[in-house]
Amino acid sequence: MNTPALIDPYGRAIRYLRVSVTDRCDLRCVYCMSEDMTFLPKADLLSLEELDRLCSAFVAEGVKKLRITGGEPLVRKNVVSLFQSLGRHLETGALEELTLTTNGNHLAASAEDLKKAGVRRINISLDTLDPARFRKITRWGDLARVMDGIRAAQAAGMKIKINTVALRGVNDDEFDQLVAWCGKEGFDLVFIETMPLGDIDGDRTAQYLPLSMVRAGLEQRWTLQPISDVTGGPARYTRCSETGGRVGFITPMTHNFCEACNRVRLTCTGTLYMCLGQDDAADLRAPLRASANDALVTAAIREAIGRKPKGHDFVIDRRHNRPAVHRHMSVTGG
Ligand code: SAM
Ligand code: SF4
């Protein structure tokens, strides 16, 4: 088969692009943002047409999976039209998967349209099933709204994956319940470790909970059989014998997940980050705007992939309580 590929210096084929379509969000999860965030001026954002053009240039270079994220992707005005236009690459077979990560707050209104545009799987972030706790973690979120969004995605026939950030002393007494709930509903569940990205108001050292401990705790109650399901993402999966559901773990801190990295990340201003945990980046906005033809932007993409680093150097700096990377996750896109 003659599929083009972007190959990095370590021989990894780049098949997966995550695109942050906005750095804004309608929630303020404590591990992700400070309460008082300064967002980019709207004028700095690429238009949806420009985002489509950039994504399409990556697809032409062999990217098979696009994940739209943010900030909260569904707060970007008209974002469903971006899914609708990108859906054409699914129809030609050039793209295998178009998906998104969302907090679920605006999902009830758009689930049906997203499904029609070609979104078959969706990641919804949910750290607790308790309304009061949800409000505390997100600073002002309403769990009932998110549940409505989840029901709408279910009704639209999308496959749902729940992302849960494991937070010491915050939701660590709820993991069994989340496994049971996801198993009952037929959702995949993926636990994530907190990563030291961007300044937040609290202390990350206090929140950090290694997933090795989470897993050991879960195994007291559940039988988790390792499986080799590959979803193209960084999670390692197990099958929970009791529920039949998949339970995954993303362990950027305790297990170096870089060897098989097939991903790069594009921000809403057209900056390409070759690694979530490194500062090196390439500007794609200038070559995009310099010409209506894609030759310049394609050359810039290839040059950037030629600089993809081997891996990240995340360390939670316990002495100084400062982030390893100053960009928030909401800028680069989770
Ligand atoms: N707003 C959407 C959401 O919450 O799903 C999409 C963007 S959010 C940045 C993507 C994912 O990153 C979420 O699952 C969130 O829990 C996770 N996340 C945010 N900050 C993080 C951090 N510092 N460490 C680990 N995961 C983080
Ligand atoms: Fe918003 Fe998602 Fe960050 Fe929460 S994790 S503040 S929902 S971008």
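By class, the shell around ligand 2 holds 4 nonpolar, 2 polar and 1 charged residues, where Ala, Val, Leu, Ile, Met, Phe, Trp, Tyr, Cys and Pro count as nonpolar, Asp, Glu, Lys and Arg as charged, and the others, Gly among them, as polar. Before I go on, this is a predicted model, in which local features need pLDDT of at least 70 and side-chain atom pairs count only at pLDDT 80 or more, while totals for chains, interfaces and linings use all residues. Residues are numbered from 1 along each chain as its sequence is written, chains are lettered from A and ligands numbered from 1 in the order in which they are written, and side-chain values use heavy atoms, with hydrogens and water left out.

The residues that surround ligand 2 are Cys25, Leu27, Arg28, Cys29, Cys32, Gly71 and Asn103, a residue being near a molecule if one of its heavy atoms lies within 4 Å of it.

Turning to ligand 1, there are 19 residues around this molecule, of which Tyr31, Gly71, Glu72, Ser125 and Met195 come nearest. For its polar contacts (pairs of N or O atoms within 3.5 Å), I would start with the side chain of Tyr31, where an N or O atom is 3.0 Å from an oxygen atom of ligand 1. The backbone takes part as well: an N or O atom of the Thr102 backbone lies 3.2 Å from an oxygen atom of the ligand, and a polar backbone atom of Met195 is 2.7 Å from a nitrogen atom of ligand 1.

Now to the helices, which are DSSP runs of H or I with at least four residues, numbered from the N terminus. How do α2 and α3 pack? Helix α2, residues 79-92, and helix α3, residues 107-117, pack at about 20° with their axes 8 Å apart, the axes being lines fitted to C-alpha atoms over the stretch in contact, and the angles running from 0 to 180 degrees between N-to-C directions. The two are therefore roughly parallel to each other, a term for angles under 35 degrees, and their crossing is right-handed, meaning that the near helix is turned clockwise from the far one by less than a right angle. In this contact (heavy atoms within 4.5 Å), Val80, Phe83, Gln84, Gly87 and Leu90 of α2 meet Ser110, Asp113, Leu114 and Ala117 of α3.

Helix α3 also packs with helix α5, residues 143-155, at an angle of about 15° and with the axes 8 Å apart, which makes α3 roughly parallel to α5. Here α3 contributes Leu107, Ala108 and Ala111, and α5 contributes Asp148, Gly149, Ile150, Ala152 and Ala153, a set that divides into 6 nonpolar, 1 polar and 1 charged.

How values were computed
Angles under 35 degrees count as roughly parallel, over 145 as roughly antiparallel, 65 to 115 as roughly perpendicular and the rest as oblique. A polar contact is a pair of N or O atoms within 3.5 Å; within protein, one must be able to donate a hydrogen and the other to accept it, and residues adjacent in sequence count only if both atoms are side-chain atoms.
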